Amino acid sequence: MGLIVCLAWTGPSALHAEQPAAAPPAPTLLVAVDRRPVLNLDGEWHSILDPYENGLDNGSKSYWNDTELPAGSNKLTEYDFSKSPTIKVPGDWNTQSPALMNYEGGFWYERHFQYQPQAGRRAFVDIGAANYRSRVWVNGQLLCMHEGGYTQFDCEATKAVRAGDNSMVIFVDSTRLADGVPTLKTDWFNYGGLTRDVSLVTVPANFIDDFDLHLDRATRSVIEGYVHVEGAQAGTPVTVDLPDAKLHAEGVTDADGRAAFRIPASGLSLWSPENPKLYRVVLKAGDDTLTDEMGFRTVEVSGSEILLNGKPIVLHGVSIHAEAPFRSGRVDSDQEVATLLGWVKDLGANYMRLAHYPHDERMTRAADKMGILVWSEVPVYWAVEFGREDVFAKSEQQLHEEIRRDRDKASVILWSVANETPNNPARTAFLTRSAEFVHREDPTRLVTAALLVHGDLKTKYIDDPLGKALDVIGFNEYIGWYEGTPETADTVEWKVAYDKPLITSEFGGGAKAGLHGAIDQRWTEEYQAEIYRHQIGMLNKIPQLRGTTPWILMDFRSPLRELPGIQDGFNRKGLISDQGKKKAAFFVLQKAYKENGLGHAE
Ligand code: GCB
């Protein structure tokens with residue numbers, strides 16, 4: 001009988017099925033990592049494509065196991081990171097090589113880094129986002145596993161790092177899952193990999209891992225909130241300073257490591273799109289100092305008004321995917337963010353919907369600086385498995401990670417729990433819980449969702465029962481594109497069941513940049529512009545309308561959009577082409593925004 005070598009079989013759902021002997025700790029979550037000194041690990045990483053997830057096997061095939069091969073060993077090894085091709089991090093793998101364009105599956109990353117551990121300090125691997133599931137090893141030790149493709153996480157590496165040379169291996173699996181968030185089908189491209197920055201963060205043993213400081217709604221003259229110090233004993237002193245406002249406050253941590261603050265701050269220049277004033281905020285706790293830049297403002301609703309700093313505001317916006325201009329692929333640089341947000345400004349907008357998942361922190365940082373209000377959302381998109389508790393837990397985890405990362409951003413005013421979900425009891429129960437969760441995690445901002453509408457071309461109803469749980473109601477409609485003609489909009493009557501602010505979170509139609517023709521000819525710039533003209537007239541008749549984010553700023557890659565010669569793999573509803581060419585509809589919307597001609601209905 002021959003020798004049968006039995007390697008543990010790990011199937012497609014290996015991340016769930018194959019558990020290491022001792023389960024690794026859940027990832028931690030640090031805040032304002034982009035404001036800490038870090039060892040940046042961006043750059044070229046070795047990579048191995050692993051569609052069969054062979055490297056997850058135990059034993060000699062384990063790609064993370066490279067420290068256990070003594071020199072001169074005769075062990076059979078069938079991989080070698082050092083001879084494998086390299087790939088850029090951050091970056092989706094799909095657009096880095098034609099062979100990877102449509103690849104979905106397992107993929108290995110490896111690199112070395114030099115490090116000097118310092119006594120009493122802790123180290124974390126910080127990952128801005130890895131789509132969709134990932135595992136992280138340092139020097140052969142599995143540090144953590146994470147699910148969710150668009151949020152930051154941190155794996156503690158304190159016990160794994162050593163002086164001198166260290167190896168880091170990350171396995172990312174972009175396989176779409178029925179029980180994932182999002183689920184199997186989306187109208188955007190499933191870019192896989194380490195799509196955002198990777199770094200090693202060193203912090204003192206006790207460090208500031210979370211804080212929330214915001215202006216109180218009641219007086220707008222007190223900064224209230226807390227600073228949390230991980231590992232701190234009760235009574236640890238914490239200070240908050242805003243040097244430019246000459247504010248200094250002292251607090252102490254309670255038994256949970258949390259120091260509460262109420263800081264009189266009556267003279268602050270409040271943040272708004274017209275005045276995106278950011279203050280330097282210096283937090284100190286023991287040996288840890290964290291310096292952030294923050295704006296202070298309030299946002300609330302009153303009847304059908306949205307109040308920013310107590311005054312009604314109309315949101316002139318646009319929806320955006322995290323799609324890189326000119327090259328397509330995931331946005332991963334300051335330059336790409338600057339290009340996209342430059343176009344938002346050019347449009348005359350004061351607001352944007354970051355669809356359909358949390359975007360790179362570069363985006364919300366830039367929004368803070370440029371004075372662009374933000375709707376941020378999690379990818380609970382179309383029909384995720386609403387009946388499942390584990391799917392709810394995944395969506396809740398993503399909301400938690402999103403809120404924790406961006407609650408220091410004045411620009412973010414709306415958390416959206418879902419997009420275009422079917423109206424049924426399981427969905428309503430799921431998303432009502434999501435809305436409650438968000439209100440608990442962040443009582444200072446507004447909760448919304450992009451809802452579907454129903455009715456015929458004479459009467460449309462906005463009465464989804466989920467609206468009860470929301471502060472602001474978003475609704476998507478495509479009159480003139482998926483139903484009716486552009487002129488149909490002129491006679492539609494809207495019936496709204498709620499006295500709450502409304503945002504048209506999507507409307508629009510497709511056009512191929514440079515394709516011109518008659519006003520009733522689909523895919524021409526003229527037809528798209530005509531949709532916008534009639535939409536503006538229609539929307540202005542809805543009394544509660546307080547905002548608009550038409551679909552969408554720029555054409556984006558989507559496997560649902562194959563029409564040859566027109567779509568060629570891109571959703572063409574952009575106001576700007578993927579090559580940066582503004583279409584006629586851009587100027588129609590720009591005029592409406594610049595002349596304050598949209599959303600001011602009374
Ligand atoms: C929608 C979706 C969005 C799509 C868009 C479209 O309603 O929310 O993700 O891309 O329609 O183009 O059909």
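To begin with, is Asp346 buried, partly exposed or exposed?

Modeller: Asp346 is partly exposed, at a relative accessible area of 27%; buried means under 20% relative accessible area, exposed over 50%, and partly exposed in between, with a 1.4 Å probe and protein chains only. This is a predicted model, in which local features need pLDDT of at least 70, side-chain atom pairs count only at pLDDT 80 or more, and totals for chains, interfaces and linings use all residues. Residues are numbered from 1 along each chain as its sequence is written, and side-chain values use heavy atoms, with hydrogens and water left out.

Asp346 forms a salt bridge with Lys582, at 2.5 Å from N to O (a side-chain nitrogen of Lys or Arg within 4 Å of a carboxyl oxygen of Asp or Glu). Because Asp346 belongs to helix α2 (residues 334-346) and Lys582 to the loop between β35 (570-571) and α7 (584-594), the pair ties together parts 236 residues apart in sequence; helices (H or I, at least four residues) and strands (E, at least two) are DSSP runs, numbered from the N terminus. Lys582 is partly exposed, at 25% relative accessibility.

Another pair is Asp210 and Arg407, whose closest N and O atoms are 3.8 Å apart. Asp210 is buried at 6% relative accessibility, and Arg407 is buried at 7%.

Across the whole structure, the search finds 47 salt bridges.
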